[in-house]
Amino acid sequence: MTITQERQTDLTDFRDGLRAFLRRIADDFGAGARLSDEHQGCDRIASVEELREGHEDRVRLVRRLQAALYDAGYAWPSGPTDHGGRGLSAEHDLEVERLMNEMGFPSREALFVGLNIVAPAVRHHGGDELRARVLPALYRGDAIGCQLFSEPGAGSDLAGVSARAVRDGNDWIITGQKVWTSMAHLADLGEALVRTDPDAPKHAGLTMFIIDMDSPGVTVRPIRQITGGAAFNEVFLDEVRVPDANRIGGAGEGWRVAATSLGSERSSMSGSTGPVTPHVLDRLHGLTGRLAAEAGPVHHEQVARTVTAVAALRAAEELTEKSWSHTLAPISGSVLKMLMVRAVDEIGRLAQSVLGERIYFDSGEWDTYAWSEFVLGAPALHIAGGTDEIQLNVIAQRGLGLPRPPKNT
Ligand SMILES: Cc1cc2nc3c(=O)[nH]c(=O)nc-3n(C[C@H](O)[C@H](O)[C@H](O)COP(=O)(O)OP(=O)(O)OC[C@H]3O[C@@H](n4cnc5c(N)ncnc54)[C@H](O)[C@@H]3O)c2cc1C
């Protein structure tokens, strides 16, 4: 048997076991409802999933689901066995996401930041003790994570963060303000980028820490959004005491750690953890099919644009699963994010063109006004994880080796 055949057999066995396990727990977690076939029940559809106030039941369900996956060995198949993984490949991880999407399991948005932003940083840069303490907690859903990077004066220019940490024996004392912190209102721990050496060049004076969100001095205030939700927050850090054991990577190495988190965040905004899911495409298909008779030539053009954007995204995702060339690997997250955003925009435009005025007011008709949340959430995707302009800069400078534009032009 060749290595490829062996891998194939292994994946097939894994998939069979996974499918049987998911079937066993499906009812417990409300999986399997194909909403577009039923034309009833909750028709919510969002491009940015928001856990609003009052969604505590949903968060509890998602934690329970994640614990069930972890205990059965499906939360992190590629992870090391001593941290709750099975030592398998990234393909096995993708298989879990794919099958759960296909079978209609609830989205695990509450865990997105912890699993796709915080965990990669701890995994690649954290010491043994920190990894053993934090990774199983995140992967089992016992801990929800948030990303404490952006500040009122530092978003695109992230290396300009001014939250400060000062060493005090075995601890650090952190003071500053973070903003746009998704899930902070639910989070147990946060990955915080702070300045530890104000005299060093700005990228070199940063260090990354895990902050316990229940620590004295942490205050979380929700920010209300256009969609009506309040999924992100301002976070105030007032002399928060953090043990040195919670440092991710060396003092002064925070920028390198942030790059790991950001690369993973951008890639994770596409594929099965992104907004262009089979469920969304299924719903879009149902919508356009149902209302096709009312649509004109503009609508046909929009269908073609949407199909092209989704096909480009899927092709790039497939390339990522196989491998990007050595030169292009560092920009794969930015390329995927740009293609994802374009696909979301085209899907939103198609829904708008089909629905006309029905998207603007709630008549109670199933699968109509619900699309307004998808459309209203789309602009946020041009900003979250780094704006479009920043992704284009990354692609031009890091991928193509073009020079930085001169300042003040
Ligand atoms: C839904 C959502 C969730 C988020 N969640 C989190 C989170 O959990 N944690 C967190 O830390 N942050 C989070 N953010 C914040 C996000 O990372 C920042 O909003 C983003 O990086 C932009 O920073 P800014 O808002 O300060 O805008 P600015 O940096 O002030 O940018 C303003 C405008 O100037 C442009 N610009 C700036 N610099 C350049 C340049 N060099 N070249 C070209 N154009 C430039 C930008 O593209 C943008 O159009 C979230 C944002 C959103 C929308």
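This is a predicted model: local features need pLDDT of at least 70, side-chain atom pairs count only at pLDDT 80 or more; totals for chains, interfaces and linings use all residues.
1. **Domains.** Start with the overall division. The chain splits into domain 1, residues 145-252, and domain 2, residues 269-399. Taken over C-alpha atoms, the centres of domain 1 and domain 2 are separated by 31 Å. The bounds come from an automatic or database domain assignment.

2. **Where the ligand sits.** Look next at the ligand. Domain 1 (145-252) and domain 2 (269-399) both contribute residues to the shell around the ligand, so the ligand lies between them. There are 17 residues around the ligand. Those that come nearest are Ser150, Ser156, Trp180, Thr387 and Glu389.

3. **Make-up of the shell.** Sorted by class, the shell around the ligand holds 9 polar residues, 7 nonpolar and 1 charged.

4. Thr387 places a polar side-chain atom 2.6 Å from an oxygen atom of the ligand. Gln147 uses its backbone: an N or O atom there lies 2.7 Å from a nitrogen atom of the ligand. In Asn393, an N or O atom of the side chain is 3.1 Å from a nitrogen atom of the ligand.

5. **Cover and contributing elements.** On its own, the ligand has 980 Å² of accessible area, and the protein covers 65% of that. Which elements give two or more residues to the shell around the ligand? They are strand 3 (171-182) and helix 12 (388-399).

6. **Asp171.** Strand 3 also contains Asp171. The Asp171 side chain makes a polar contact with the side chain of Arg241, at 2.8 Å. With neighbours within four places in sequence left aside, Asp171 is in contact with Val166, Arg241, Val242, Pro243 and Asp244.

7. **Salt bridges.** How many salt bridges does the structure hold? The count is 23. One pairs Glu95 with Arg15, with 2.9 Å between the closest N and O atoms. Glu95 belongs to helix 4 (residues 90-102) and Arg15 to helix 1 (residues 3-25), so the pair ties together parts that are 80 residues apart in sequence.

How values were computed: Residues are numbered from 1 along each chain as its sequence is written. Side-chain values use heavy atoms; hydrogens and water are left out. A residue is near a molecule or strand if one of its heavy atoms lies within 4 Å of it. A polar contact is a pair of N or O atoms within 3.5 Å; within protein, one must be able to donate a hydrogen and the other to accept it, and residues adjacent in sequence count only if both atoms are side-chain atoms. Accessible areas come from the Shrake-Rupley method with a 1.4 Å probe; for residues, only the protein chains shown count as cover. Helices (H or I, at least four residues) and strands (E, at least two) are DSSP runs, numbered from the N terminus. Ala, Val, Leu, Ile, Met, Phe, Trp, Tyr, Cys and Pro count as nonpolar, Asp, Glu, Lys and Arg as charged, and the others, Gly among them, as polar. Contact means heavy atoms within 4.5 Å. A salt bridge is a side-chain nitrogen of Lys or Arg within 4 Å of a carboxyl oxygen of Asp or Glu.
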